[in-house]
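Thanks for coming. Please have a look at the slide.

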Amino acid sequence: MSSSVGVGSAGGGGTDIASLLEKAKELDQLKKDQDDIVVEINKIHKKVLASPEMVDKSVDAILLKLRGLYARAKELSENEISASNALIGLLDGLLQSGASTAQKKKIEVGEQKKKRIKSDTDSARFSAASMRNQLDQAASLKGEQVAARVKSDDEKDEWFVVKVIHFDKETKEYEVLDEEPGDDEESTQKKYKLPMSYIIPFPKKGDPSSAPDFGQGRQVLAVYPGTTALYRATVASHRKLCGGNVSYCYILEFDDDEEDGSLPQRAVPFYRVVALPEGHRQ
């Protein structure tokens, strides 16, 4: 979805008009970013079709790259929805404020949008398909454990391992269960309703190729050993084979985990490590 909005001055509503323009520019940029992602994905698809033998030689690298591109496409689509909702809210505010007919007429579709109708239609089609895919993927997480931001305040975010009970495609909200009761005796399992942006699926336990390959020095969000809480950590060692039933694990150094003046290195299964969310506070 993309739009170019031309708006004249609107007296006392100048601040809202400026916000409209900024959000319109943001939507245009999101559309361009989505187009770039589609081009990259199509390039990989064409390479695979043209040279099937290439897949056998570097399947992990290709799958990881494709996963990264689709994850980015998903993020852009969610950002697009957020920006669109913000635009709708701003427009509703202008309409409810009793703006004069003359002021309303100044909000018109620019010539640039008319020239880009076909492009915008293609983008909208891509966005709609992408959203349907995201909703289907969200619904498929029922019964799975995921990382969830269950609490947030002005200073920090709190992430825990929870179980998905239900996903509502209409409200785009997850219902999740924190299966671990609190420390006090009266604590019981808690349920939360959370938006899609508060949920991060874990990699498949039996499929290392479904997980991002985080390099040394990369900051991640990971489950602290022996708990169901996730904290920011730095990759100290590239993922490697571990003992027991875990095929791969990362060696991590958790923030604020200092012992005797240094950060201990802790092994965490690859399926309990996810990308650090943008703007994470701890």
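First, a definition: rings of Phe, Tyr and Trp (its six-membered ring) pair if their centres lie within 6.5 Å, and the pair is called stacked if the planes are under 30 degrees apart, edge-to-face if over 60, and tilted for the rest. A word on the source: this is a predicted model, in which local features need pLDDT of at least 70 and side-chain atom pairs count only at pLDDT 80 or more, while totals for chains, interfaces and linings use all residues. Residues are numbered from 1 along each chain as its sequence is written, and side-chain values use heavy atoms, with hydrogens and water left out.

How many aromatic pairs are there by this rule? The count is five. One of them is F167 with Y174, a tilted pair at 4.8 Å centre to centre with 50° between the planes. F167 is buried at 7% relative accessibility, and Y174 is buried at 4%; buried means under 20% relative accessible area, exposed over 50%, and partly exposed in between, using a 1.4 Å probe and protein chains only.

Next, Y224 and F254 form an edge-to-face pair, 5.0 Å centre to centre and 65° between the planes. Y224 is in the loop between β8 (219-223) and β9 (229-240), and F254 is in strand β10 (residues 249-254), so the pair links distant parts of the chain, 30 residues apart. Strands here are DSSP runs of E, at least two residues, and helices are runs of H or I, at least four, numbered from the N terminus. Both Y224 and F254 are buried. Ring pairs link Y224, Y231 and F254 into a cluster.

Now the charges over rings. The rule asks for NZ of Lys or CZ of Arg within 6 Å of the ring centre and within 35 degrees of the ring normal. R149 lies over the face of Y198, 3.9 Å from the ring centre, and R239 over the face of Y248, at 5.3 Å.

On to the cysteines. With a disulfide taken as a pair of cysteine sulfur atoms within 2.5 Å, the count is one. The disulfide joins C242 to C249, with S to S at 1.7 Å. The link of C242 and C249 is left-handed, with -90° about the S-S bond. Is each end buried or partly exposed? C242 is partly exposed at 25% relative accessible area, whereas C249 is buried at 4%.

Last, the whole chain. The secondary structure comes to six helices and 12 strands. Of the 282 residues, 34% count as buried.
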